[in-house]
Amino acid sequence: MYVCLCKGVTENAIREAIYQGADRMRDLKASLGVTEQCGICACHAKQVLDETLVQKSQVRDFISQPACRCETAARGEETVAVMVVSLISPMFNSSPLGGGGFI
Ligand code: FES
């Protein structure tokens with residue numbers, strides 16, 4: 001879904017920028033041009049920013065925890081990777097490519 005029509009910026013583009021380090025509106029403005037023209041997109045962009053920062057924090061917390069105590073945890077990184085993908089994949093279901101996003 002488009003957030004900024006003036007610059008053609010989608011929710012997924014904003015999320016990707018946040019996962020690459022943007023954590024303030026000024027970062028999104030600098031990297032994507034969000035709010036540079038009419039500014040109507042500011043509220044929606046801020047909402048996507050806030051939601052994605054929470055999700056990013058949850059993923060970071062999840063990754064920093066020790067693997068679960070079940071037997072599959074013995075497989076280490078592969079198990080964690082599968083769990084992380086299942087945790088964050090709903091964030092990319094609104095992809096214009098039809099779900100699944102860029103993961
Ligand atoms: S809709 Fe984003 S600047 Fe106009």
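Visitor: How much of the chain is buried?
Guide: Of the 103 residues in the chain, 19% count as buried. A residue is called buried if 20 or more other C-beta atoms lie within 10 Å of its own, exposed if 12 or fewer do, and partly exposed in between, with C-beta atoms placed from the backbone. Please note that this is a predicted model, in which local features need pLDDT of at least 70 and side-chain atom pairs count only at pLDDT 80 or more, while totals for chains, interfaces and linings use all residues. Residues are numbered from 1 along each chain as its sequence is written.

Visitor: What helices and strands are there, and in which order?
Guide: The chain has four helices and two strands. From the N terminus on, the elements run β-β-α-α-α-α. Helices (H or I, at least four residues) and strands (E, at least two) are DSSP runs, numbered from the N terminus.

Visitor: Let us take α1. How many of its residues are buried?
Guide: Seven of the nine residues of α1 are buried, so this helix is largely enclosed by the rest of the structure. The buried ones are Glu11, Asn12, Ala13, Ile14, Arg15, Ala17 and Ile18.

Visitor: What do they pack against?
Guide: The buried residues of α1 pack against β1, β2 (9–10), α2 and α3. Here, two residues are in contact if their C-beta atoms, placed from the backbone, lie within 7 Å.

Visitor: And what follows α1?
Guide: Gly21 follows α1, and its phi is positive, near 130°.

Visitor: How do α1 and α2 cross?
Guide: Their axes come within 10 Å and cross at roughly 110°. Axes are lines fitted to C-alpha atoms, for helices over the stretch in contact, and angles run from 0 to 180 degrees between N-to-C directions. α1 and α2 are therefore roughly perpendicular to each other. Angles under 35 degrees count as roughly parallel, over 145 as roughly antiparallel, 65 to 115 as roughly perpendicular and the rest as oblique.

Visitor: Is that crossing left-handed or right-handed?
Guide: The crossing of α1 and α2 is right-handed. A crossing is left-handed if the near helix is turned anticlockwise from the far one by less than a right angle, and right-handed if clockwise.

Visitor: Which residues meet there?
Guide: Ala13, Ile14 and Ala17 of α1 meet Leu28, Ser31 and Leu32 of α2. The residues of this contact comprise five nonpolar, one polar and no charged. In this scheme Ala, Val, Leu, Ile, Met, Phe, Trp, Tyr, Cys and Pro count as nonpolar, Asp, Glu, Lys and Arg as charged, and the others, Gly among them, as polar.

Visitor: What about α1 with α3?
Guide: α1 and α3 pack at an angle of about 45°, with their axes 10 Å apart. That makes α1 oblique to α3. The crossing is right-handed. On the α1 side the contact is made by Glu11, Ile14, Arg15, Ile18 and Tyr19, and on the α3 side by Ala45, Val48, Leu49, Thr52, Leu53 and Lys56. The residues of the contact of α1 with α3 divide into seven nonpolar, one polar and three charged.

Visitor: How long is α3 itself?
Guide: Helix α3 (residues 42–64) has 23 residues and reaches 32 Å from its first C-alpha to its last, close to the 33 Å expected at 1.5 Å a residue. The expected span is 1.5 Å times one less than the number of residues.

Visitor: Which of its residues are buried?
Guide: In α3, Ala45, Val48, Leu49 and Thr52 are buried. The buried residues of α3 pack against β1 (2–4), α1 (11–19) and α2 (25–32).

Visitor: Why does Val48 count as buried?
Guide: Val48 counts as buried because it has 24 C-beta neighbours inside 10 Å. Leaving aside its neighbours within four places in sequence, Val48 is in contact with Val3, Glu11, Ile14 and Arg15. The C-alpha atoms of Val48 and Arg15 are separated by 7.3 Å, although these residues are 33 residues apart along the chain.

Visitor: New topic: what is the phi of Thr35?
Guide: Phi of Thr35 is near 70°, a positive value in a residue other than glycine. Most residues other than glycine have a negative phi. Thr35 is found in the loop between α2 and α3. This residue is buried, with 22 other C-beta atoms within 10 Å.
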